[in-house]
Amino acid sequence: MRMGYREGMKRIYALLVLAASALALEVGPIRVSADLSIRLFPQLVVVERVPEPSGIVVVYQGSQAESVFRFHDQDLRARGWQRVKYEVKKNEWKAEYRKGKAKASLSVKDKKGRIEVRVKED
């Protein structure tokens with residue numbers, strides 16, 4: 001059985017998409033600094049990931065910003081960070097954490113179809 005050019009290209013494209021998806025999966029936590037690491041929210045697609053000098057910005061495609069905040073908040077606290085401040089504004093959740101002498105902050109913004117998460121060590 002011989003495959004036509006279009007069918008072959010469709011299969012190659014499907015395999016490339018599958019390979020790219022597999023590479024995008026995080027096996028473990030993302031290390032932000034020696035003391036700070038986070039896991040990605042498993043139910044949403046990451047559309048952007050930008051390292052910063054003292055942190056990282058992750059942008060998800062979706063509209064579950066409060067759930068994303070809760071996930072990252074629980075993840076940080078499970079890693080030994082103690083939340084010392086919490087603030088909610090319109091479409092934005094912020095928190096500050098301490099772990100020994102180290103300080104960190106989490107900001108989650110709902111940007112209409114995109115969720116911007118900023119985690120940094122202060």
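Predicted model: local features only at pLDDT ≥ 70, side-chain atom pairs only at ≥ 80, totals over all residues.

Colleague: OK, and where does glutamate 116 sit?

Modeller: Glutamate 116 is in strand E8.

Colleague: Is glutamate 116 buried or exposed?

Modeller: Buried: its relative accessibility is 15%, and the cut-off for buried is under 20%, so glutamate 116 falls on that side.

Colleague: What else is glutamate 116 in contact with, leaving aside its neighbours within four places in sequence?

Modeller: Val57, Val58 and Val59, plus Ser107, Val108, Lys109 and Lys111.

Colleague: Switching topic, what's the strand order in the open sheet?

Modeller: There are 6 strands, running E3-E4-E8-E7-E6-E5, and the pairing is antiparallel. At the edges you find E3 (45-52) and E5 (82-89), each of which pairs on one side only. On average, neighbouring strands are turned by 15° against each other, if you ignore direction.

Colleague: How many bridges link E3 and E4?

Modeller: E3 pairs with E4 (residues 55-61) over 7 bridges, in the antiparallel sense. In that pairing, valine 46 stands opposite tyrosine 60 of E4.

Colleague: And which strands does helix H2 lie across?

Modeller: H2, residues 65-78, lies across E4, E5, E6 (92-99), E7 (102-110) and E8 (114-121). The helix runs at about 0° to E6.

Methods. Residues numbered from 1 in each chain as written. Heavy atoms only, no water. Pairing = 2+ DSSP bridges. Helix = DSSP H or I, 4+ residues; strand = E, 2+ residues; numbered from the N terminus. Axes fitted to C-alpha atoms, helices over the stretch in contact; angles between N-to-C directions. Contact = heavy atoms within 4.5 Å. Buried < 20%, exposed > 50% of the residue type's maximum accessible area, 1.4 Å probe, protein only.
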